[in-house]
Amino acid sequence: VYHADLAVVEGVVREHVTIHVEDGRFGAIECDSEPPSGSERLRGLTVPSMANAHSHAFHRALRGRAQTAGGSFWTWRELMYSAVEGLDPDNYFRLARAAFAEMVLAGFGAVGEFHYVHHRPDGGRYDDTNAMGSALLAAASEAGIRITLLDTVYIHGGLAPDGATKPIEGAQVRFDDGSVDAWAERIGSLVLADGQRLGAAVHSVRGVDPGSISAVAAWADDGGRPLHAHVSEQPAENEACRAAYGRTPTEVFASAGALGERFTAVHATHLTRDDVAVLGDSASSVCMCPTTERDLGDGIGPSGALGAAGARLALGSDSHAVVDPFEEARAIELDERLATGRRGVHSTESLLEMASANGHRCLGWDDAGVIANGCRADLVSVSLDSVRTAGVDRGAALEGVLFAATSVDVCDVIIDGQHVVVDGHHVRIDAAAELTGSIAELFAS
Ligand SMILES: [Zn+2]
């Protein structure tokens, strides 16, 4: 039993909240209540856990290594490919375990791992063809975070203007299963633990042709599984797609039958008006990754228009240039202010929903991301007396947290009823030391 000073219960900030937890789920929740004897106090504001709906765990190794070289998204991609070279199942397990622990410390209860480094550096298969994906699943278990492994199809090296696909080359040989059938056969043998789901991902229109996108969408439909794809992150991707197919990436996904409630377009930065309408009408989700999009110079996506059109917005930290759900959430609103000159397009409640319930839902966790009887027992308590949050009006505590707190202000994290962060420390993992060690190892190899 927990007793929170303040908690967001079903979207509303309530005081003196007693929260019962049984078998990893919430039981009775009583507001304006005295702390029951033996209950554990949660200080500050307690919110549901956040979902990091778009992650590539190994990108964490690039932090602080890719800022000053200049260039563009495409030159950054070369740096990213150089980190791919050193990855093997053992060092990826260690790096991902530390990266996931950092996410848990920041208040994330679930991660959507968009996983595409499947094979050996020369493209050969590991003895266990899912050795890399299994390493990620094991890392998530140890870090205490739920995971949806979005196993990714990436079978072409790019698009030619005549609509032909370019051959896979260089680091990309590690991503390539050869065909959707071979991909489906490989992932059929993945073994999942409690708190783990399997979903599909299409890397992008650059990496997967329209016929193959249809086949992946059919696979996801059959199993009722999430389907994610990078969509219109860069203008060059749109231009190549138009030249090849005479359509935008969103239109390619729409005509391949991919859109709908189970589909998540990642980034969706450079959209036409029609793209926005199609994503909204189909009730697709859109996962924006604002700290990565700013880091890579991608641009500002139309979050206000997408929300108004009916798309559900979620958030991801993608390249992990920053791992901080509060920063991602406020960036949605603050970027919209920069782009439109208007303030308050997104309410604080809707920003929390993007970070929590919407993110969980697009990863297939319909029963998480909200503090309510029967849901998965995830709680994140955020200090209201740190130097950043001190003086915040208790009546507007959610606004104070979303616009001023950082991941450092997270005190306690409970995921599926397990208390994994206590007083700002992960109960099993020294994330900073393990990040230092695993990243040094990766670049030494
Ligand atoms: Zn990505």
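Q: What should I know before I start?
A: Residues are numbered from 1 along each chain as its sequence is written, and side-chain values use heavy atoms, leaving out hydrogens and water. In this predicted model, local features need pLDDT of at least 70 and side-chain atom pairs count only at pLDDT 80 or more, while totals for chains, interfaces and linings use all residues.

Q: In what order do the eight strands of the open sheet lie?
A: Strands of a sheet pair through backbone hydrogen bonds, either parallel or antiparallel. Here the order is S3-S2-S1-S4-S15-S16-S17-S18, with mixed pairing. Strands are DSSP runs of E, at least two residues, and helices are runs of H or I, at least four, numbered from the N terminus. Two strands pair if DSSP finds at least two bridges between them. S1 (residues 2–9) and S2 (residues 12–22) are antiparallel over seven bridges.

Q: At what angle do helices H4 and H5 pack?
A: Two packed helices are described by the angle between their axes and the distance between the axes. H4 (residues 180–187) and H5 (residues 210–223) pack at about 30 degrees, with axes 10 Å apart. Their contact (heavy atoms within 4.5 Å) includes Trp183 of H4 and Trp219 of H5.

Q: Is Ser356 buried or exposed?
A: Buried means under 20% relative accessible area, exposed over 50%, and partly exposed in between, using a 1.4 Å probe and protein chains only. Ser356 is buried, at 2%. Ser356 sits in helix H12 (residues 348–362). Not counting residues up to four places away in sequence, Ser356 touches Pro48, Ser49, Met50, Ala51 and Gly369.

Terms used
Axes fitted to C-alpha atoms, helices over the stretch in contact; angles between N-to-C directions.
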